Amino acid sequence: MKFVDFKVGMKDQTRKTITEADVVLFSAVSTDINPLHLSEEAAKNGIFKKRVAHGILVSGLISAVLGNKLPGPGTVYLGQELRFVAPVYIGDDICAEAEIIEIRPEKRIIKLQTTCTNQRGEKVITGVATVMFKD
């Protein structure tokens with residue numbers, strides 16, 4: 001797609017079920033070994049009552065939308081505001097969506113509303129991404 005083809009309101013998405021392996025591998029890569037992600041025993045005494053996925057792991061699905069679909073290959077991430085509004089549990093099916101809300105052609109910058117929802121349609125992450133697109 002060419003920069004001139006982008007319009008406010010365009011959107012795209014990707015889906016992924018968050019697995020045990022995702023959480024364990026992300027813990028190893030990030031070195032975030034917080035027991036609320038890795039220990040059922042520790043998590044059951046916490047505020048969520050069971051293990052939760054790392055928020056940043058889940059927000060990585062937004063990056064997948066931006067880099068692979070909208071705007072797509074050639075996208076350079078400049079920034080991301082995030083709000084973690086609900087927990088994501090192992091086994092949750094997450095839909096990450098990005099919608100263009102602003103285009104600044106003079107700098108080739110696109111702002112997108114970003115949202116991750118679970119299989120029940122509940123928002124788990126909201127935010128705004130700022131990217132640069134080179135075609």
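**Rings, charges and a patch**

Mentor: Start with Lys50, which lies over the face of Tyr89, 4.6 Å from the ring centre. Keep in mind that this is a predicted model.

Trainee: Okay, rings then. How many aromatic pairs are there?
Mentor: The count is two aromatic pairs. Phe3 and Phe6 make one of them: their ring centres are 6.3 Å apart and their planes sit at 75 degrees, so this pair is edge-to-face.

Trainee: Is Phe6 buried or exposed?
Mentor: Phe6 is buried, because its relative accessibility is 4% and the cut-off for buried is under 20%. Phe3 also counts as buried, at 6%.

Trainee: How far apart are the ring centres of Phe6 and Phe133?
Mentor: Those centres are 5.0 Å apart, and the planes are at 85 degrees, so Phe6 and Phe133 are edge-to-face.

Trainee: Where do Phe6 and Phe133 lie in the chain?
Mentor: Phe6 is in the segment before β1 (11-17), while Phe133 is in strand β5 (residues 123-133). The pair therefore ties together parts 127 residues apart in sequence. Phe133 is buried, as is Phe6.

Trainee: Which residues do the ring pairs link into a cluster?
Mentor: Phe3, Phe6 and Phe133.

Trainee: New topic: the surface. Which residues make the nonpolar patch?
Mentor: Val24, Ile33 and Leu38 make a nonpolar surface patch of about 250 Å².

Trainee: Where's Ile33?
Mentor: Ile33 is in the loop between α1 (20-30) and α2 (35-38).

Trainee: And why does Ile33 count as exposed?
Mentor: Because its relative accessibility is 59%, and exposed means over 50%.

Notes:
Residues are numbered from 1 along each chain as its sequence is written. This is a predicted model: local features need pLDDT of at least 70, side-chain atom pairs count only at pLDDT 80 or more; totals for chains, interfaces and linings use all residues. Side-chain values use heavy atoms; hydrogens and water are left out. Patches are made of residues with over 30% relative accessible area and no salt bridge: like charges are joined within 9 Å, nonpolar side chains (Val, Leu, Ile, Met, Phe, Trp, Tyr) within 5 Å. Accessible areas come from the Shrake-Rupley method with a 1.4 Å probe; for residues, only the protein chains shown count as cover. A salt bridge is a side-chain nitrogen of Lys or Arg within 4 Å of a carboxyl oxygen of Asp or Glu. Helices (H or I, at least four residues) and strands (E, at least two) are DSSP runs, numbered from the N terminus. Buried means under 20% relative accessible area, exposed over 50%, partly exposed in between (1.4 Å probe, protein chains only). Rings of Phe, Tyr and Trp (its six-membered ring) pair if their centres lie within 6.5 Å; planes under 30 degrees apart count as stacked, over 60 as edge-to-face and the rest as tilted. A charge sits over a ring if NZ of Lys or CZ of Arg is within 6 Å of the ring centre and within 35 degrees of the ring normal.
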